[in-house]
Amino acid sequence: MKKLFSCADAYIKTMTITEMGQLKLCLGSIGVLIGLSVKKEHRKTVAVGAATLMAATYFPLMSRFVKDMSKMVKSN
């Protein structure tokens, strides 16, 4: 697993912002397709889980981004 993550880290460093956006769109589309395949009776549970996971990952990432961006703005 460590080797896989090392390769992924190295590859991400070579990606442009456009390529990163394309990757995010691709992964988002996969998520939509998986969501469409969930049985109606389980959709609410899946939605709550997905919303929780999104919040747990999005807010820390955006917090770090805003902090780094504010440092860059102050240094200029």
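**Notes on the model**

1. Burial. Of the 76 residues in the protein chain, 3% are buried. The structure is a predicted model, and the figures in these notes should be read with that in mind.

2. Surface. The accessible surface of the protein chain is about 7,200 Å². Carbon and sulfur atoms account for 70% of that area.

3. Secondary structure. The protein chain contains three helices and zero strands. The order along the sequence is α-α-α.

4. Overall dimensions. The radius of gyration of the protein chain is 17 Å, whereas a compact globule of 76 residues would have one near 11 Å. Along the principal axes, the C-alpha atoms occupy a box of roughly 55 × 30 × 25 Å.

5. Charge. The protein chain carries 12 positive and 4 negative charges. The mean position of the positive charges lies 6 Å from the mean position of the negative ones.

6. Largest pocket, volume and lining. The largest pocket holds about 610 Å³ of space. Two elements, α2 (17-36) and α3 (43-75), each give two or more residues to its lining. The lining has 14 residues in total. Helix α3 supplies eight of these residues, the largest share.

7. Largest pocket, centre. Which lining residues lie nearest the centre of the largest pocket? They are M20, K24, T57, L61 and M62.

8. L61. This leucine sits in helix α3 and is among the residues nearest the centre of the largest pocket. Is L61 buried or exposed? The cut-off for exposed is over 50% relative accessible area, and L61 has 53%, so L61 counts as exposed.

9. L33. Helix α2 contains L33. The relative accessible area of L33 is 59%, so this leucine is exposed as well.

10. Distances from L61. L33 and L61 are 28 residues apart along the chain, and their C-alpha atoms are separated by 25 Å. For L61 and T45, the sequence separation is 16 residues and the C-alpha to C-alpha distance is 25 Å.

11. Points to keep together. A reader checking the model may wish to view the 3% share of buried residues alongside the radius of gyration of 17 Å.

Conventions
Residues are numbered from 1 along each chain as its sequence is written. This is a predicted model: local features need pLDDT of at least 70, side-chain atom pairs count only at pLDDT 80 or more; totals for chains, interfaces and linings use all residues. Side-chain values use heavy atoms; hydrogens and water are left out. Helices (H or I, at least four residues) and strands (E, at least two) are DSSP runs, numbered from the N terminus. The radius of gyration is taken over C-alpha atoms; the globule rule is 2.2 Å times the number of residues to the power 0.38. Buried means under 20% relative accessible area, exposed over 50%, partly exposed in between (1.4 Å probe, protein chains only). Accessible areas come from the Shrake-Rupley method with a 1.4 Å probe; for residues, only the protein chains shown count as cover. Lys and Arg count as positive and Asp and Glu as negative; His and the chain ends are not counted. The place of a charge is taken as NZ of Lys, CZ of Arg, CG of Asp or CD of Glu. On a 1 Å grid over the protein atoms alone, a cavity is a set of points where a 1.4 Å probe fits but cannot get out, and a pocket is an open set with protein on both sides within 12 Å along at least five of seven lines; lining residues have an atom within 4 Å of a point. Grid points are joined across faces, edges and corners, and a volume is the space filled by probe spheres set on the points.
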